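Please look over the sequence and the model before reading on.

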Amino acid sequence: MDMRKLVGRNLARLRQAQELTQEELAMRSGFSQQYLSDVERGLKNPTIITLYEIALALSVSHVALVEPDGMANEMAPQPKRRRAAGASRIK
């Protein structure tokens with residue numbers, strides 16, 4: 001699971017649910033609109049303190065920014081299955 005993309009999806013969803021633009025959130029949070037855009041696109045790796053401050057600006061728990069959103073499973077590569085030692089292939 002790419003946590004940067006997960007945080008970005010959650011941030012965009014929470015911001016849009018409050019009908020805020022990136023510029024409005026920038027004014028509330030003190031982070032630039034460009035930085036918030038980069039976070040939403042999964043290009044930045046914000047610190048936990050940054051996540052906390054963004055969450056405060058959105059009036060949500062910081063946990064809401066890192067909660068799995070259901071898309072993580074669809075995007076994660078599936079692990080390859082290994083055969084047990086000594087197991088033979090079924091033909």
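This is a predicted model: local features need pLDDT of at least 70, side-chain atom pairs count only at pLDDT 80 or more; totals for chains, interfaces and linings use all residues.

## Helices α1 and α3

Helix α1 spans residues 3-17 and helix α3 spans residues 33-40. The two pack with their axes 7 Å apart, at an angle of about 120°. An angle from 65 to 115 degrees would count as roughly perpendicular, and one over 145 as roughly antiparallel; α1 and α3 are therefore oblique to each other.

On the α1 side, the contact is made by R4, V7, G8, R9, L11, A12 and R15. Their partners in α3 are L36, V39 and E40. By type, the residues of this contact comprise five nonpolar, four charged and one polar.

## Loop residue D69

D69 sits in the loop that runs between α4 (48-58) and α5 (71-75). With a relative accessibility of 27%, D69 counts as partly exposed.

Which residues does D69 touch, leaving aside those up to four places away in sequence? They are L6, R9 and N10. L6 is 63 residues from D69 along the chain, yet their C-alpha atoms are separated by 7.4 Å. With R9, the contact is polar and joins the two side chains at 2.6 Å.

## The aromatic pair

The model has one aromatic pair. Its members are F31 and Y35, whose ring centres are 5.6 Å apart. Their planes meet at 25°, under the limit of 30 degrees, so the pair is stacked.

Are the two residues buried or partly exposed? F31 is buried, at 17% relative accessible area, while Y35 is partly exposed, at 21%.

Definitions and conventions. Residues are numbered from 1 along each chain as its sequence is written. Side-chain values use heavy atoms; hydrogens and water are left out. Axes are lines fitted to C-alpha atoms, for helices over the stretch in contact, and angles run from 0 to 180 degrees between N-to-C directions. Helices (H or I, at least four residues) and strands (E, at least two) are DSSP runs, numbered from the N terminus. Angles under 35 degrees count as roughly parallel, over 145 as roughly antiparallel, 65 to 115 as roughly perpendicular and the rest as oblique. Contact means heavy atoms within 4.5 Å. Ala, Val, Leu, Ile, Met, Phe, Trp, Tyr, Cys and Pro count as nonpolar, Asp, Glu, Lys and Arg as charged, and the others, Gly among them, as polar. Buried means under 20% relative accessible area, exposed over 50%, partly exposed in between (1.4 Å probe, protein chains only). A polar contact is a pair of N or O atoms within 3.5 Å; within protein, one must be able to donate a hydrogen and the other to accept it, and residues adjacent in sequence count only if both atoms are side-chain atoms. Rings of Phe, Tyr and Trp (its six-membered ring) pair if their centres lie within 6.5 Å; planes under 30 degrees apart count as stacked, over 60 as edge-to-face and the rest as tilted.
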